[in-house]
Amino acid sequence: MANSKFALFVVGAAVAAAQVSPERLVNAAREPQQWLTYSGSYNGQRFSSLDQINTKNVQQLALQWVFQTGVKGEHETTPLVIDGVMYLTAPEGHAYALDLRTGRPLWHYERNMPKDLSVCCGMVNRGLAAVGDRVFLATLDAHVVALDAKTGRVRWDVASADYKAGYSFTCAPLAIKDKVIVGVAGGEYGVRGFIDAYEAETGKRAWRFYTIPGEGEPGVETWKGDSWKRGGSPAWVTGSYDPELNTLYWGTGNPGPQMYGANRQGDNLYSDSLVALDPDTGKRKWHFQFTPHDTHDWDSVHVPVLIDEAIDGKPRKLVAVANRNGFFYLLDRTDGKYLFAKPYTKVTWAKEIAADGKPVVLPNSEPTPEGVVVCPGGIGGTNWHSPSYSPQTRLMYIFSKEMCTMFMADEKLEPPHRPGRPYIGSSFFPPAQQRDSSAVRAIDPKTGKIQWEFKHFTGAWSGVMSSAGGLVFTADGQGNFIALDAATGRDLWHLPLGGDIQAAAISYAVDGRQYIAITAGSAVFAFALSR
Amino acid sequence: MLRRMLLFGMITSGIAGAIWGQPSADAVKQGAVLFRQECVFCHGVNARGGVRGPDLTTGAWAHGGSDAELARTITDGVPGTAMPPNRLTEADVSQVIAYLRTQQQRAAPAAAGDAHRGESLFFGSARCSGCHMVNGRGGRVGPELSTVGSSRPRGYLVESIREPNRQLTESPASGIIYDTVIAVTRDGKTVTGVAMNEDTFTVQIMDLTERIHSLDKKSLKTVRHESRSLMPSYSADLLNESDLGDVVAYLQSLRAATPAVEKGATHGEQ
């Protein structure tokens, strides 16, 4: 009896240490040795204040361990690092906890995934959220699952929507207070998009915000007829949160059918928008639509980057978005007021963004039966890949594509809506002989001016992280993991990791030693300075 | 009601054309929608052929032209070519086939050309095999052509011989375009060839003597791509119309084996 009491005491102490309180998430910046949320902190900056690895010594980065998942498919996961454990996911519903010091697995969760999923772009997943003694996974079969952080055992598992109707999840959830927030995918399958909140304790759904207004709600008139019922507008990338304003910022995706707009005339709210929500109730505070009535697949699913800066001498709370439509936008995040937008890549569809925040659309940019070439292409000027902001350089770093595509659609060929089947309407593809190219671009968020760029050889597919060591981490399309000088864009170090790099890096520390980790191929690689 | 029965027939059989005769106008229209969504990237507008896939309007089907054979080609793809397996339902496939049937042009007169003579030219006086390999014979610098007849329409082949710079082939291994890469080393040596691979920091070039160079970009004075082929343009002076017809007939005879039904492969996703 005495023994078991003693055991209980010891275990109890350890459990208390492993708790992720909501306050820790709010104050993540005070624990730079951890990586507590998808973007590292609620502000979406994906910045590490650790500076042990810096511009002077980055050439001494050395591999410390590799963890191979053995799972096929694109690994887009951002690991979490909490109190000596790394948590990550792999495609098709795998999740792992690793001993942070050694990379040795502590547990593995594997979901029995149905075979008849409707997923446009691979069996991907981008990671987990953590709060309390759990981590949270949103699955391709449209469930939200709470896993015990110590064992990986299922604490609860709830169906959010019917995967057979085209709904799925690919994003890392975001934990705020006692809730876990997820945004749905399925914009190519005729879904009606939503953002959901679940009670972390019980799995009970606390609220749902439909990204398309329903019957009788303001905004439904921006959809022709009943097209709102299947208008897409998913929300498949993790948002950001301002605890002071108690506001959640989340991007929404393309209206559907993607390239066929004749049956959904109108602006199609709230597709291709940034929505600001009350995380307690899911009520909309404001919205800003980047691309009204989109016919080019320009999902506005980007991590919104929250920045505090003086504009015209006045301190402002800002949100910056490099949008898939090719423009970099700065908004006031208290009320969604549009401040300015500037192109950061080649743009042929709009002359500019007018003072009211709406694009001045150029002729010959709508898809036609024979095809029309528009820039940016369907992949966008950027895509879901995480941007980063360094408070040190006060620059925002983005993954930027230079690619135009041919867009085709024929008004006579209205696509049929069949639940769970593609609802696209047509296609886009690169014109022959176009080299796929991309770059990391450093943008001054106060002006939208590009300060420097680092060109990848061909189109990369990875996000960006910056650090107080004066570094920006990126990857090219051939699997090179690359460190750049955050001030100049000069490449300082790189290592081929032998697999596609489709995620963004993180940084953390173990026993006072800084690490950088990145997913490449089917593995996680952890680097530190050689001793 | 008849229409509903027809559709039902297609959904259940997947070979509606063969069983029910003419497919419905709806099926053709849905097939056109699906074609634009799934196929147009390679097979071009109205199925007239593109950079990656053959013209599907000629009535000549490399892997069988019955509904069942077309359904198999669409569903399972053609291994060894750019044609991937497709995740479509049987009903979708039958609609695509119904649409393709409406796109058939009147049979063009059989292209004149002696494939046997074309083969002799290819390995002989036309000197194609100096750079191109067919079934293990020939050079290494240019694209392999062992199955080119399955993947390229006749017009594309003619253009590639007469004006090779117009549309450069993509290497299936690396996705790299067969353009001309020219690297100049610090000591002024020039390496010209095709890139076997390349990333942000390095390039691997095969030169015209088939020597492979591994180069670090930072150690080079310059490295540039020119949007032209290393292949000479075969004007009528180099290859007259009759010889061209024979070479093209030979190339068109180079076909991928019709696949045995193979399950379990998945569609490559972006």
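Predicted model: local features only at pLDDT ≥ 70, side-chain atom pairs only at ≥ 80, totals over all residues.

User: Chain B next. Which residues of helix α7 are buried there?

Analyst: Helix α7 of chain B spans residues 115-123, and its buried residues are Gly118(B), Glu119(B) and Phe122(B). These residues lie on the same side of α7(B), because they cover an arc of only 105° around the axis.

User: Why would residues spaced like that point the same way?

Analyst: An α-helix has 3.6 residues a turn, so residues three or four places apart point the same way.

User: And what covers the buried residues of α7(B)?

Analyst: The cover includes α10 of chain B, residues 241-252.

User: How many residues does each chain bring to the contact between A and B?

Analyst: Chain B contributes 19 residues and chain A contributes 23 residues. On the side of chain B that touches chain A, α3 (25-38) and α4 (40-43) of chain B each supply at least two residues. The largest share of that side, 6 residues, comes from α3(B). Sorted by class, the side of chain B that touches chain A has 9 nonpolar, 5 polar and 5 charged residues.

User: Changing topic: which residues of strand β28 in chain A are buried?

Analyst: Strand β28 of chain A, residues 405-408, is covered on both faces. Thr405(A) and Phe407(A) are buried on one side, and Met406(A) and Met408(A) are buried on the other.

User: Which strands pair with β28(A)?

Analyst: Strand β25 of chain A (residues 372-374) pairs with β28(A) in the antiparallel sense over 3 bridges, and Val372(A) stands opposite Phe407(A). Strand β29 of chain A (residues 427-429) also pairs with β28(A) in the antiparallel sense, over 3 bridges. In that pairing, Met408(A) stands opposite Ser427(A).

User: Last one: how do β34 and β35 of chain A pair?

Analyst: Strand β34 (residues 480-485) and strand β35 (residues 491-496) of chain A pair in the antiparallel sense over 5 bridges. Leu484(A) stands opposite Asp491(A) in β35(A). The hairpin of β34(A) and β35(A) has 5 residues between the strands, and Gly489(A) takes a positive phi near 85° in that hairpin.

Conventions
Residues numbered from 1 in each chain as written. Chains lettered and ligands numbered in written order. Contact = placed C-beta atoms within 7 Å. Helix = DSSP H or I, 4+ residues; strand = E, 2+ residues; numbered from the N terminus. Nonpolar A, V, L, I, M, F, W, Y, C, P; charged D, E, K, R; others polar. Pairing = 2+ DSSP bridges. Buried ≥ 20, exposed ≤ 12 C-beta atoms within 10 Å, placed from the backbone. Arc of directions from axis to C-beta.
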